Amino acid sequence: MEQQTRYIFVTGGVVSSLGKGIISSSIGRLLMAHGYKITIQKFDPYINIDPGTLNPYEHGECYVTMDGMETDLDLGHYERFTGIRTTRDNSVTTGRIYKAVIDKERKGDYLGKTIQVVPHITDEIKRRMRREFDPEHYDFIITEVGGTIGDIESAPFMEAIRQLRWELGQRAVNIHLTYVPYLKAAGEFKTKPTQHSVKEMQSMGIQPDILILRTEYHLEGGLLAKVASFCNVDLDCVVQSEDLPSIYDVPVNMQRQGLDKAILRKTGMPAVAEPDMSRWNNYLERMHSAKDEVTIGLVGKYDLQDAYKSIRESMYLAGVYNDKKVRIRFVNSEEITSGNIAQALEGLDGVCVCPGFGLRGIEGKIVAVEYCRTHDIPTFGICLGMQMMVIEFARNVLGYKDANSREMDEVTPHNVIDMMEDQKNISNMGGTMRLGAYACQLEEGGRLAQIYGSTLVHERHRHRYEFNNMYLKEYEDHGMKCAGRNQESDLVEIVEIPQLRWFIGTQFHPEYQSTVLHPHPLFMSFIKAASEKC
């Protein structure tokens with residue numbers, strides 16, 4: 001007989017960006033080490049249906065699930081830490097909640113009732129938190145709520161959690177993450193912000209079961225006891241999350257303090273004597289023992305680490321498994337010219353030409369691609385980066401100086417990158433691109449098949465434009481090969497110049513598939529090539 005599902009609600013107070021996603025992912029990893037089946041979901045208070053149309057400066061990277069949902073970047077953490085595969089049901093926004101309720105109202109499902117935040121909005125939130133529609137059984141469902149306690153946008157989510165805590169009893173716990181600042185002038189840590197945050201939770205009818213104190217420095221036991229006493233929380237349920245060398249050290253730090261056992265005790269679930277963290281610990285050992293460095297340049301236009309979060313993490317993970325420390329240097333493509341490109345890429349062992357949308361910074365990316373191709377620097381083009389490889393090759397090898405993408409120049413006579421046919425009559429921007437996992441057939445006996453260890457792979461996409469097959473023969477005759485394609489649509493998925501050390505572009509986003517225990521083979525191969533000096 002299946003155990004009843006337990007529910008863990010992760011909330012944040014005092015300030016944003018404390019790392020609720022990392023904590024949620026760490027909890028998931030620890031519960032899996034005890035043998036439990038888990039899933040993690042993110043509830044975001046913003047009214048956008050999804051983050052697909054948000055500028056990366058607004059919300060960081062847009063992460064794409066296997067089933068084609070554009071989601072919050074925290075889902076990338078969930079997958080990298082736990083290896084689970086999230087879907088559209090793991091990412092919920094206020095916009096999706098209200099749209100679902102309004103759609104039901106328009107169909108008459110509420111039988112003429114007045115639609116209100118309570119109970120209609122909160123009931124829809126509760127239904128999704130409990131995943132009543134999901135045929136899968138989970139031992140634990142971890143729900144992270146975005147934003148900070150006290151935000152007006154998060155009030156319906158807090159009310160839904162209050163109701164669920166009352167309905168589910170011991171089967172539901174709240175883990176509240178707060179900040180403990182250190183005032184240098186006073187030489188003291190201050191717990192008052194945490195006390196106020198808990199008081200705010202209590203005013204909403206929620207008593208936190210576990211407190212995680214985010215801190216830049218180690219907290220002594222007396223301070224933890226003070227927080228426990230003032231906030232009505234058991235002492236063994238006050239855990240500190242201090243700054244660590246890597247986010248991947250967090251699960252072990254949480255385990256060392258007994259967070260997993262506290263959760264299992266609170267929810268009435270048995271704990272195993274020795275949770276299996278062996279593979280994770282092996283990864284950490286390799287990560288901390290790596291000495292040699294490899295420096296990778298990210299050529300893009302968003303000077304914000306969260307904009308290319310999954311690419312950065314995939315590079316770091318592949319570095320560890322190549323026994324290297326990866327150093328990443330951002331190269332702003334808007335500032336690149338033919339006159340400064342040598343200086344901009346000086347000292348780099350490899351270059352990744354990043355994805356993106358729009359005209360800004362495009363010419364700089366093309367200059368960077370040309371320099372890398374002519375100087376045989378290991379180069380990885382992802383999505384738009386792959387398209388820049390194609391355009392540069394057309395201009396400087398095929399001789400089409402006006403070659404471009406229809407995205408950048410609608411009247412270019414040499415549209416080597418063109419809009420996909422099924423995209424041409426679409427007017428809504430959100431959720432309408434080629435999204436999610438599609439099959440890619442690799443060339444038998446080619447380098448890509450060797451890298452993957454297979455001739456058929458499935459990778460995730462997020463694009464509207466594609467390689468124009470009218471030019472394919474010219475490209476292949478001049479040395480740029482189609483190394484992978486989707487047979488159903490005949491779309492080119494991968495381009496490669498086999499004569500170079502490592503010059504590969506993918507129309508898809510391989511970074512979405514890389515995890516701590518299973519780094520992506522393309523990133524593994526790229527870092528290996530970048531590590532091998534000429």
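User: Why is E532 called partly exposed?
Analyst: The relative accessible area of E532 is 43%. Buried means under 20%, exposed means over 50%, and partly exposed is what lies in between (1.4 Å probe, protein chains only). E532 therefore counts as partly exposed. This is a predicted model, in which local features need pLDDT of at least 70, side-chain atom pairs count only at pLDDT 80 or more, and totals for chains, interfaces and linings use all residues. Residues are numbered from 1 along each chain as its sequence is written, and side-chain values use heavy atoms, with hydrogens and water left out.

User: What makes the pair E532 and K528 a salt bridge?
Analyst: A salt bridge is a side-chain nitrogen of Lys or Arg within 4 Å of a carboxyl oxygen of Asp or Glu. For E532 and K528 the N to O distance is 2.8 Å, so the pair meets that limit. K528 is partly exposed, with a relative accessible area of 45%.

User: How many salt bridges does the structure hold, and what does the one between D74 and K42 tie together?
Analyst: There are 36 salt bridges. In the one between D74 and K42, the closest N and O atoms are 3.0 Å apart. D74 belongs to helix α3 (residues 74-82) and K42 to strand β2, so this pair ties together parts 32 residues apart in sequence. Helices (H or I, at least four residues) and strands (E, at least two) are DSSP runs numbered from the N terminus.

User: Are D74 and K42 buried or exposed?
Analyst: D74 has a relative accessible area of 11%, and K42 stands at 4%. Both values fall under the limit for buried, so both residues get that label.

User: How do you know how α7 compares with its expected span?
Analyst: The expected span is 1.5 Å times one less than the number of residues. Helix α7 (residues 192-203) has 12 residues and reaches 16 Å from its first C-alpha to its last, close to the 16 Å expected. G205, which follows α7, has a positive phi, near 90°.

User: Why are the buried residues of α7 said to line one face?
Analyst: The buried residues in α7 are T194, Q195, S197, V198 and M201. Seen down the helix axis, they fall within an arc of 160°, so they line one face. The arc is taken from the directions from the axis to the C-beta atoms. On the other side of α7, K199 and S203 are exposed.

User: What do the buried residues of α7 pack against?
Analyst: Their partners are β1 (6-12), α6 (155-168), β7 (172-179), β10 (210-215) and α8 (221-231). Contact means heavy atoms within 4.5 Å.

User: What makes α15 a mostly covered helix?
Analyst: In α15, 12 of the 13 residues are buried; among them are L384, M388, F393 and R395.

User: What makes the nonpolar surface patch?
Analyst: Y98, I102, V117 and V118 make a patch of about 320 Å². Patches take residues with over 30% relative accessible area and no salt bridge, joining like charges within 9 Å and nonpolar side chains (Val, Leu, Ile, Met, Phe, Trp, Tyr) within 5 Å. Areas come from the Shrake-Rupley method with a 1.4 Å probe, and for residues only the protein chains shown count as cover. Helices α4 (94-107) and α5 (117-130) each supply at least two residues of the patch.

User: Why does N468 count as buried?
Analyst: Its relative accessible area is 9%, so N468 falls under the limit for buried. N468 sits in the loop between β20 (465-467) and α17 (472-477). Leaving aside neighbours within four places in sequence, N468 is in contact with N415, V416 and D418.
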